[in-house]
Amino acid sequence: MLSAVSQPIPPVEVTGGYKLGVAAVALLMVLLTFGFFATIGLTVLALGAHLVYSLTHASAGGMACVMFDVVLLAAGCLFGLFLLKPLFAPPAKPQVRMSLAPHEHPLLYAFVERLCATVGAPTPARIDVDTEVNASASFGRGLWSVVGGGDLVLTIGLPLAAGLPLNQLTGILAHEFGHFRQGSAMRLGYLINRINSWFARVVFERDAWDVRLARLSQEAFPVSLFALLLMVTIYLTRRVLWLLVIALHAVSCYLSRQMEFDADLSEIYISGSRVFERTSMNLYALGVARDWAHDDLEASWRENRLSDNLPALVMTNVERLQKKPKTAAKIKNAVLELKTEFLDTHPATSERIERARRQNALGTFQLSPPAHVLFNNFEALCQKATLAYYRQALGDDKVSQRNLVANTHIAAEQNETEEALKALRRYFQGRVVGWRQIFLPVFDFSPPPDPQRAVEILRQTRKKIVEDTDQVAQVVWQYEKAEDRLKDLAVAQMAHDVGMQFNPYEFGMTDNSPWTLHQTREQAHRDLQAAQGGLNQLLRTAQARMIAALRLLQIPEVAARVEDADKLNQRCRRMAATLAALEIAWPSLLQLRDRAVELGILLNNFEGNEQNHLMSNRIRQTAQLVVQCMHTSLHQLVNFPYPFAHADGRISIAIYVRKELPDPNNIEDVFSATGETLDKLMSLYYRALAHLAVTAEKVERAFNLPMLPEVVDPLSDED
């Protein structure tokens with residue numbers, strides 16, 4: 001490998017666009033920075049000179065003019081301090097990276113050193129790893145490295161090493177070393193990004209200073225005049241600075257794109273044009289797989305469990321993607337259809353691939369073993385980096401070894417859940433799930449007194465579900481239409497209650513009088529009840545089908561034809577008990593959902609209505625009602641066991657959902673906790689019902705009844 005990576009490559013020529021980008025960024029950076037500080041300095045000096053003049057001519061205007069000038073000078077000084085406040089703000093929490101010691105990974109360091117020599121780039125001072133699907137070149141000491149030089153850092157995302165062959169990872173590393181060659185451009189890019197970040201924080205950031213100014217503007221005169229004067233000045237300055245931010249960002253983006261094109265040449269010469277194209281597409285596949293892996297982690301973290309190896313979990317999801325050729329094709333087409341926008345920091349992949357094809361390079365490095373051969377004890381390294389990532393994201397005190405589960409277990413459970421949800425959509429033909437609950441009536445898990453009749457029920461209900469597809473669609477449409485109508489009218493009612501003006505025609509009303517609003521809501525309730533009646537009839541058909549299948553499984557002769565019948569039976573009893581618990585709490589959960597929707601509407605409309613005391617009081621009252629509904633729901637679930645594995649062992653559904661109630665005075669926490677509570681309970685509902693659907697389907701197949709047609713979730717990317 002070391003010999004193969006040492007083969008020389010053609011010299012990388014610096015393009016005119018690259019030179020133009022460097023020159024434009026350097027010039028603009030100097031002009032904007034000088035202009036920014038000059039504006040602040042001149043403003044303060046002008047105000048000071050005016051104050052000196054006023055003091056020396058105090059008799060002409062009297063003390064009132066002097067006091068006004070003092071206020072004006074104070075506003076100018078505060079204005080300058082406001083623009084400079086990003087200097088005093090603490091930096092963002094850095095991303096966790098692990099530095100690799102050369103003696104622990106000698107092959108990696110030797111390989112990197114040879115590759116740098118081949119590309120003509122300085123050798124990095126250290127090599128870091130993280131869990132991102134990316135590699136990057138950076139300055140190890142920030143601004144000090146920019147000024148003093150050296151101390152370059154190479155960061156390698158471990159999913160790249162886990163999912164790519166060596167020739168593709170080598171090309172990516174060559175690309176980063178191509179950036180190492182861009183010494184002046186890297187420094188300018190770093191500085192311009194810092195300056196642009198500073199400007200952006202001045203323009204867009206809202207903090208305690210802004211809140212205090214807004215409050216002062218409501219105080220008595222002359223405090224309110226002082227605050228309003230400062231707020232207007234800051235607003236106008238932000239508008240001007242916004243233009244500077246856009247101009248600075250546009251030029252820096254142009255330079256960034258030219259730097260990417262330039263670095264691409266190093267990758268193309270090392271790995272070859274065809275490999276460059278495959279690498280580009282594989283990076284997107286790995287990105288999608290990492291997004292899916294995070295979805296898996298979000299689901300498992302509900303049970304305080306996490307995969308012990310995030311790069312391995314990404315690779316599990318790569319395998320899932322490979323089993324979905326239609327989804328993979330959609331991703332590829334979407335990537336190739338992207339075009340470079342004016343403010344993009346990277347050129348579009350299609351343009352980079354086309355440029356690589358024009359080079360028609362064979363590449364000097366062709367070896368393609370798994371890229372992780374460069375690392376010693378790669379699995380242990382991934383596990384260590386994974387734990388560090390979790391602790392940064394969630395907190396050191398929230399993640400320990402007890403929360404980590406073998407990746408194979410997490411992947412198997414997520415795959416089982418995915419297949420179960422497919423079965424759920426098949427079983428009910430994707431029509432009658434969601435907040436329209438399908439709880440099972442209380443029944444005992446005993447063999448049916450008339451097995452033939454139970455089999456006949458299976459056949460009849462299956463047939464009816466298929467035949468009534470159009471009717472089901474119509475009923476569900478009517479129900480959802482009435483439900484959406486009620487939600488819209490709830491917005492109108494909220495606006496009326498807090499004294500906000502609204503257009504009645506937007507809500508299908510002739511006027512916005514209380515009587516019209518009441519009558520319209522009553523009619524919407526009647527429409528919902530009428531649709532609910534038709535929906536209930538469909539639900540009873542689905543319930544009868546599932547109960548018949550579950551009771552048939554209790555017959556030994558039937559169980560003998562179903563694989564793992566005893567295990568399925570035990571799980572079905574747990575799932576049925578869980579649904580029974582949720583049915584008890586469902587009225588409270590519906591109230592919690594409705595109050596949460598109301599709280600969300602109020603919060604979304606609060607900006608600009610801060611002085612509306614009716615709205616402020618309504619928000620506080622609604623938050624208290626939300627906490628009360630949450631308390632009632634959790635109290636009803638406290639004695640029911642959570643049916644799945646959990647890091648804390650055997651716990652109740654209430655503890656699974658939430659260990660403590662939020663502070664009703666902390667509106668943000670209340671809203672966040674409510675969303676998490678409803679999300680967990682709905683996920684539990686779906687999951688329990690899905691496992692029952694899996695078992696019921698297996699029983700039906702034991703009677704040679706084929707599965708109903710597949711139903712694809714319109715919100716998913718499934719094939």
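Reader: Is Tyr389 buried or exposed?

Author: A residue is called buried when its relative accessible area is under 20%, exposed when that area is over 50%, and partly exposed in between, using a 1.4 Å probe and protein chains only. Tyr389 has a relative accessible area of 18%, so Tyr389 is buried. Tyr390 is buried as well, with a value of 2%. This is a predicted model, in which local features need pLDDT of at least 70, side-chain atom pairs count only at pLDDT 80 or more, and totals for chains, interfaces and linings use all residues. Residues are numbered from 1 along each chain as its sequence is written, and side-chain values use heavy atoms, with hydrogens and water left out.

Reader: How many aromatic pairs are there?

Author: Rings of Phe, Tyr and Trp (its six-membered ring) pair if their centres lie within 6.5 Å; planes under 30 degrees apart count as stacked, over 60 as edge-to-face, and the rest as tilted. The count by this rule is 8 aromatic pairs. In one of them, Tyr389 and Tyr390 are tilted, with 6.0 Å from centre to centre and 55° between the planes.

Reader: Why is the pair of Tyr642 and Phe644 edge-to-face?

Author: The planes of Tyr642 and Phe644 stand at 70°, with ring centres 5.8 Å apart, so the pair is edge-to-face. Tyr642 is buried at 6% relative accessibility, and Phe644 is buried at 13%.

Reader: Which residue lies over the face of Phe644?

Author: A charge sits over a ring if NZ of Lys or CZ of Arg is within 6 Å of the ring centre and within 35 degrees of the ring normal. Arg687 lies over the face of Phe644, 3.7 Å from the ring centre.
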